[in-house]
Amino acid sequence: MWTLSGFADEISPDFETQCAHARSLGLEYIEFRSAWDTNVLDLDDQQLERAVEILDRHGLKVSSIGSPIGKIGIHDPIDPHLERAQQAVDVAHVFGAPFVRIFSFFMPDGEDPDSHRDEVIERMRALADVAEEGDLTFLHENEKKIYGDIPRRCADILESVDSSRLRAAWDSANFVQCGLRPYSEGYAQIRPYLEYIQVKDARLSDGEVVVTGEGDGELRETLDALVADGFDGFFSLEPHLSATHELGGFSGPELFTEAHAAFTSLLKEKGIPYQ
């Protein structure tokens with residue numbers, strides 16, 4: 001049984017509104033990235049307590065912390081960032097979330113990412129240590145302009161670090177925006193490490209994010225392969241249909257509902273059960 005979740009801050013900056021709308025769609029989980037225009041890692045203790053109360057009242061759980069860990073330059077100091085990663089672990093425990101999303105560092109403009117490989121692997125190993133000590137799993141998301149932007153480098157990170165606490169989050173739209181066909185050019189390499197799917201689609205022609213199934217993200221092929229492989233995990237809606245900003249992306253209630261309807265229709269079309 002596949003489980004739906006979603007970046008609820010794409011619905012509204014207000015956390016109460018996020019949770020109420022997510023629940024109205026039948027979601028039992030959300031991915032927590034920000035609330036009240038504040039990244040989840042920057043919420044104070046009072047705000048965290050309030051968020052827990054709101055989640056409980058709406059009968060929602062947290063599938064993952066949508067952290068910005070790893071969204072720094074490869075030459076930026078790592079020690080303060082490791083402390084922030086520990087903070088992400090602590091926040092995940094507050095919400096009982098099993099996962100924290102992370103990234104593999106922005107590359108300098110005009111430089112070959114492969115020239116920074118060894119430093120990336122060393123840093124990702126240090127992040128995996130934080131996850132192991134915290135008894136949860138960090139999910140590396142493929143993102144534009146970081147080292148792990150394409151399947152080969154994503155697989156390199158995961159294979160080289162070789163930690164059961166560092167796994168892959170799959171974002172098909174980000175692969176498309178790197179000029180790739182995700183399933184055709186990446187699925188086989190990343191599947192051994194894949195634990196979490198972010199539901200987003202985009203067009204190869206211009207990189208624009210579009211409603212699930214209307215772009216070149218090869219969602220249908222990917223879903224078929226996941227069924228055949230016996231995948232059992234989270235699918236987190238991250239529509240990005242209205243805007244992108246420093247906290248992530250935004251869709252609004254109507255477009256988020258449209259994204260939910262498009263994806264669940266695709267699941268129903270293929271006879272895939274979900275909750």
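This is a predicted model: local features need pLDDT of at least 70, side-chain atom pairs count only at pLDDT 80 or more; totals for chains, interfaces and linings use all residues.
## Helix pairs

Two packed helices are described by the angle between their axes and the distance between the axes.

| Helix pair | Angle between axes | Distance between axes |
|---|---|---|
| α1 (residues 15-24) and α2 (residues 45-57) | about 20 degrees | 10 Å |
| α3 (residues 79-95) and α4 (residues 117-134) | about 30 degrees | 10 Å |
| α5 (residues 151-161) and α7 (residues 182-190) | roughly 5 degrees | within 9 Å |

Start with α1 and α2, whose axes are 10 Å apart at an angle of about 20 degrees. Angles under 35 degrees count as roughly parallel, so α1 is roughly parallel to α2. The crossing of α1 past α2 is right-handed. On the α1 side, Phe15, Glu16 and Cys19 make the contact. On the α2 side, the residues are Ala51, Ile54, Leu55 and Arg57. By class, this contact has 5 nonpolar residues, 2 charged and no polar ones.

Next come α3 and α4, which pack at an angle of about 30 degrees. These two helices are therefore also described as roughly parallel to each other. α3 passes α4 in a right-handed crossing. Leu82, Ala85, Gln86, Val89 and His93 come from α3. α4 supplies Ala126, Leu127, Val130 and Gly134. Here the classes are 6 nonpolar, 3 polar and no charged.

Pro151, Arg152, Cys154 and Ala155 of α5 meet Glu185, Gly186, Gln189 and Ile190 of α7. This contact holds 4 nonpolar, 2 polar and 2 charged residues.

How many of the 11 residues of α5 are buried? The count is 8, so α5 is largely enclosed by the rest of the structure. The buried residues are Pro151, Arg153, Cys154, Ala155, Asp156, Ile157, Leu158 and Val161. Asp162 follows α5, and its phi is positive, near 55 degrees.

Ile121 lies in α4 (residues 117-134). Its relative accessible area is 12%, so Ile121 is buried. Which residues does Ile121 contact, leaving aside its neighbours within four places in sequence? They are Asp156, Ile157, Ser160 and Val161. Ile121 and Ile157 are 36 residues apart in sequence, yet their C-alpha atoms are 6.1 Å apart in space.

## Glu238, a buried charged residue

Glu238 sits in the loop between β12 (234-237) and β13 (243-245). Its relative accessibility is 2%, so Glu238 counts as buried. Glu counts as a charged residue. The side chain of Glu238 makes a polar contact with the side chain of Arg33, at 3.1 Å.

Phe7 is 231 residues from Glu238 in sequence, but the two are 5.6 Å apart, C-alpha to C-alpha. Neighbours within four places aside, the contacts of Glu238 include Phe7, Glu10, Arg33, Arg101 and Glu141. Asp171, Gln198, Val199 and Lys200 are also in contact with Glu238.

Ser34 is in strand β3 (residues 34-35). At 5% relative accessibility, Ser34 is buried. Which side chain makes a polar contact with the side chain of Ser34? The partner is Asp9, at 2.7 Å.

Thr264 belongs to helix α9 (residues 252-269). With 4% relative accessibility, Thr264 is also classed as buried. The side chain of Thr264 reaches a backbone oxygen, that of His260, at 2.8 Å. Beyond its neighbours within four places in sequence, Thr264 is in contact with Leu4 and Tyr274.

Terms used
Residues are numbered from 1 along each chain as its sequence is written. Side-chain values use heavy atoms; hydrogens and water are left out. Axes are lines fitted to C-alpha atoms, for helices over the stretch in contact, and angles run from 0 to 180 degrees between N-to-C directions. Helices (H or I, at least four residues) and strands (E, at least two) are DSSP runs, numbered from the N terminus. Angles under 35 degrees count as roughly parallel, over 145 as roughly antiparallel, 65 to 115 as roughly perpendicular and the rest as oblique. A crossing is left-handed if the near helix is turned anticlockwise from the far one by less than a right angle, and right-handed if clockwise. Contact means heavy atoms within 4.5 Å. Buried means under 20% relative accessible area, exposed over 50%, partly exposed in between (1.4 Å probe, protein chains only). A polar contact is a pair of N or O atoms within 3.5 Å; within protein, one must be able to donate a hydrogen and the other to accept it, and residues adjacent in sequence count only if both atoms are side-chain atoms.
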